[in-house]
Amino acid sequence: MEILASYNLQELRVKFQELGFEPYRANQVLGWVYRKFKDNFQEMTDIPKEQRTLLSQAFRVHTLKPVERIETKDSVKYIFRTEDGSIIETVLIFERDHLTLCLSSQVGCAVGCKFCATAKDGLFRNLTTAEIVDQYLWVQKDAPSRIRNVVFMGMGEPLANYEAVRKAVEIMVNPWGIGLSKRRVSISTSGLISQLKRMAQDPLLRELNLAVSVNAPYQYLRELLMPISKTNNLKELMQTLADHPYPPDRRIMLEYVLIKDINDSEAHARAFAQLIVPYRNKFKVNLIPYNPDPSIAFERPSMERVYAFQEVLRSHHISTFIRLSKGVDVFGACGQLRSKRLELVVK
Ligand code: SAH
Ligand code: SF4
């Protein structure tokens, strides 16, 4: 049986023709699934009855199985099981006036950042397009209103799973699919330069919001925290980002996780400012106070240090925000997801 969200509109129209259906039925079915959130073909009342039965024999809407739902004041964390038994996490965040969905793109992550819980067990595998889209479908079914923003900030490095993420985005931003605004979908990356260049050439992905995890102002320190910097040099990364084809009013978000006594001093802030100043109008900065994890020896700095760091950047006229407003754990929880695969197998 095939999973519907593996296909974009064009592919599904071809598939439907092979089944002997009129191609426009594909548009109708996608409307039911992505804009009315139906997962039962029998409820798709503008499709002839015998076609509905054939559809339910040929396709299913979901591939993930919801396993757990953990609600806090500002967020809901969903745990899903894939068909091959992997566990992935998705977070719905209640922002002041809208909902943001934080998606995973891989089971685990190969990038190996020293501060990140997702990195601990390495990469298990890429998620498929259907698994990425299905996170949205399940959460939207459960959410109190329409999800407005989607961020690829959960488990995994989205640009290391380029094709599957691209197709998921295609489904998310097209009017035949979910129909989200391109400006409300964000990709957060550890800064894979070749993939960023590919993204810059890609008419679909280059218009999304781009967030890049910088986390250190010096090459040596970034290599220590993020080993991929050895092959993705910091200065070259900044130049690649400055060359990203954004209109003049759009800015790339530089993310900086502040870790106590590692990268949080005013000297670090000044060095970070120096890195940004030549291209000041192209960037804004998000400071993320480190969210501690029991298995990692790093700590969160005091808020005093966080504000001092922000002040240095602001004194260089760099727009700088602190990502804390929603209660300390919300975005932290998003950037800190970890596969519980092994634990569940043991249970
Ligand atoms: N792989 C992508 C997206 C997922 S990580 C990336 O690295 O950008 C999303 C964000 O969470 C990154 O900015 C990362 O630096 C941050 N992050 C990871 N672990 C964290 C932690 N323990 N506390 C705070 N932020 C963390
Ligand atoms: Fe992977 Fe991002 Fe975690 Fe680094 S911070 S290990 S790139 S998920």
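Four bridges join strand 10 (residues 185–189) to strand 11 (residues 209–213), and these two strands run parallel. Within this pair, Ser-188 stands opposite Ala-211 of strand 11. The model is a predicted one.

- Strands of a sheet pair through backbone hydrogen bonds, in either a parallel or an antiparallel way.
- In this model, 10 strands form an open sheet, and their order is 3-4-5-6-9-10-11-12-13-14.
- The pairing in this sheet is mixed.
- Strand 3 (65–71) and strand 14 (320–322) stand at the edges with a single partner strand each, so one side of each has no neighbour in the sheet.
- From one strand to the next, the twist averages 20°.

**Strands 3 and 4**

- Strand 3 and strand 4 (residues 75–81) run antiparallel and are joined by six bridges.
- One of the bridge partners is Arg-81 in strand 4, which pairs with Lys-65.
- The link from strand 3 to strand 4 is a hairpin of three residues.

**Helices 1 and 2**

- Helix 1 (residues 9–18) packs against helix 2 (residues 24–35) at an angle of about 125°, and their axes are 8 Å apart.
- Helix 1 is therefore oblique to helix 2.
- On the helix 1 side, the contact is made by Leu-9, Leu-12, Arg-13 and Phe-16.
- On the helix 2 side, Tyr-24, Arg-25, Ala-26, Asn-27, Val-29 and Leu-30 take part.
- Sorted by class, the contact of helix 1 with helix 2 has seven nonpolar, one polar and two charged residues.

**Helices 4 and 5**

- Helix 4 (residues 129–142) and helix 5 (residues 162–173) have axes 8 Å apart and pack at an angle of about 40°.
- This angle makes helix 4 oblique to helix 5.
- Helix 4 passes helix 5 in a crossing that is right-handed.
- Helix 4 contributes Thr-129, Ile-132 and Val-133 to the contact.
- Helix 5 contributes Glu-163, Ala-164, Val-165, Lys-167, Ala-168, Ile-171 and Met-172.
- The contact of helix 4 with helix 5 has seven nonpolar, one polar and two charged residues.

**Helix 9 and its neighbours**

- The axes of helix 9 (residues 266–276) and helix 10 (residues 303–315) come within 9 Å and cross at roughly 30°.
- Helix 9 and helix 10 are therefore roughly parallel to each other.
- The crossing in which helix 9 passes helix 10 is right-handed.
- Glu-266, His-268, Ala-269, Arg-270, Phe-272 and Ala-273 of helix 9 meet Ala-308, Phe-309, Val-312 and Leu-313 of helix 10.
- Seven nonpolar, one polar and two charged residues make up the contact of helix 9 with helix 10.
- Helix 9 also lies across two strands of the model, strand 12 (252–258) and strand 13 (283–289).
- Relative to strand 12, helix 9 runs at about 165°.

**Ligand 2**

- The residues surrounding ligand 2 include Cys-109, Val-111, Gly-112, Cys-113, Phe-115 and Cys-116.
- Ala-119, Gly-156, Glu-157 and Ser-190 also belong to the surroundings of ligand 2.
- By class, this shell around ligand 2 has six nonpolar, three polar and one charged residues.

Methods. Residues numbered from 1 in each chain as written. Chains lettered and ligands numbered in written order. Predicted model: local features only at pLDDT ≥ 70, side-chain atom pairs only at ≥ 80, totals over all residues. Heavy atoms only, no water. Axes fitted to C-alpha atoms, helices over the stretch in contact; angles between N-to-C directions. Parallel < 35°, antiparallel > 145°, perpendicular 65-115°, else oblique. Left-handed = near helix turned anticlockwise from the far one by under 90°. Contact = heavy atoms within 4.5 Å. Nonpolar A, V, L, I, M, F, W, Y, C, P; charged D, E, K, R; others polar. Pairing = 2+ DSSP bridges. Near = heavy atom within 4 Å.
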